[in-house]
Amino acid sequence: MTAHEPDMIALSAYLDGELGVTERRQIDAHLATCAICTAHLAALQTLASDFDRLPQEKLGFDLVGVIEGRLAAAPRPPQTKPAPRWWGLLPTSLGAAAALTLGIGMGSILIGGSAAMPRMAAMSVFDTLPPGGLCLGPESCYSKGARK
Amino acid sequence: MTTEIDDGEDEQFAARARMGDRPAFERLVRRHQDRAFRFILRMIGSRDEAMDLTQETFLKAYRALPDWRSEARFSTWLFQIARNTALDALRRRRHTEFVSLTAGPDEEAIDPCDTAPLPEERLADKQRIGLLERTLRALPVEQREILLLRELEDMSYADIAATLNINEGTVKSRLARARVAVLAHYRQHGEEK
């Protein structure tokens, strides 16, 4: 901080008591010898006292009485619940896995193994040739030579 | 400058209010309504609008209480809401306000011919306070809000940083620039009187 260029950032923080001990001491020492910075600090102090003299504006009524009804009607978000831990989900996941395994097992018993064979044998009763020796078409009953 | 409010009690009331205790929230409203109103009024400049916005601030706070964390100071959290509400209102206006640096219509005009009952010092005081009020309204919003939080609300740099969501270094430099701007206005307009 030179005498001709006051460090207003430092002086402003000095005024607010927001400097560390070392910085504060440095500024104390500088102010003792620099009339320009002392004048700038005095201007900042005057400004702060002007703010103190600003009218203390007040609302002038009890706000609770005005917003009471709106508070009662105001939608409140539900209380936030803690996120479930993984072990909290354990009974659900175990149950789901057991149900799935049981379903797959029962399904494979019903459609697989010995139960499938009789069904295939029964299907073979229906041949591609109609019963009773009926012709499928003229080509299979008459030879080409007989046509002529 | 500000009425001392025990923050520890604030946090107790806020914790109870968060659990649905409405009388606890009403206590918080009564403790902070004037501070919130004063800040919004100086940000906005209109008394009627500031009253509405103060109500809006507390209703927003009530709805947002489940988001409040007990490690944050309730007053800082409330001022964040008040500030955002005021900034939204300023954005809604969508026009630039031209602020006269001479006495505004809402202020008590000082008639030089009617100074007899006023002592000179009091007149000078009134002129200076009037000038400060007009200067504040003419400042950019970011300078105005930081001055209000520091000078009127007596907030520490840490609390200002939390309220404005900036770091303390920025608080330090922005506040200094705002003060320099007010002093420049003083020099430019105050000495003309």
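**Arg35(B)**

I looked up the side chain of Arg35(B) and found a polar contact with the side chain of Glu153(B), at 2.7 Å. The model is predicted, and I counted side-chain atom pairs only at pLDDT 80 or more. Arg35(B) sits in helix α2 of chain B.

**Interface of chains A and B**

Next I went to the contact between the chains. I listed 47 residues of chain B in contact with 40 residues of chain A. The two chains bury about 4,300 Å² between them, and 61% of that is on carbon and sulfur atoms.

Which helices of chain B each supply at least two residues of the side that touches chain A? I found α1 (7–18), α2 (22–44), α3 (47–64), α5 (120–138), α6 (141–152) and α8 (168–189). The largest share, 11 residues, comes from α2(B). By residue class, the side of chain B that touches chain A divides into 25 nonpolar, 6 polar and 16 charged residues.

**Helix α7 of chain B**

I asked why α7(B), residues 157–164, is largely enclosed by the rest of the structure. The reason I wrote down is that 6 of its 8 residues are buried. These are Tyr157(B), Asp159(B), Ile160(B), Ala161(B), Thr163(B) and Leu164(B). I looked for what covers them, and the cover includes α4 (74–93), α6 and α8 of chain B, together with α1 (8–15) of chain A.

In the loop between α6 and α7 of chain B I found Asp154(B). Asp154(B) is not a glycine, yet has a positive phi of about 60°. Asp154(B) counts as partly exposed, at 43% relative accessibility.

Just after α7(B), I found Asn165(B) with a positive phi of about 60°. Asn165(B) lies in the loop between α7 and α8 of chain B. Asn165(B), too, is a residue other than glycine. Is Asn165(B) buried or exposed? I noted Asn165(B) as exposed, with a relative accessible area of 71%.

Note on methods
Residues are numbered from 1 along each chain as its sequence is written. Chains are lettered from A and ligands numbered from 1 in the order in which they are written. This is a predicted model: local features need pLDDT of at least 70, side-chain atom pairs count only at pLDDT 80 or more; totals for chains, interfaces and linings use all residues. Side-chain values use heavy atoms; hydrogens and water are left out. Contact means heavy atoms within 4.5 Å. Buried area is the accessible area (1.4 Å probe) that two parts lose on being put together, summed over both. Helices (H or I, at least four residues) and strands (E, at least two) are DSSP runs, numbered from the N terminus. Ala, Val, Leu, Ile, Met, Phe, Trp, Tyr, Cys and Pro count as nonpolar, Asp, Glu, Lys and Arg as charged, and the others, Gly among them, as polar. Buried means under 20% relative accessible area, exposed over 50%, partly exposed in between (1.4 Å probe, protein chains only). A polar contact is a pair of N or O atoms within 3.5 Å; within protein, one must be able to donate a hydrogen and the other to accept it, and residues adjacent in sequence count only if both atoms are side-chain atoms.
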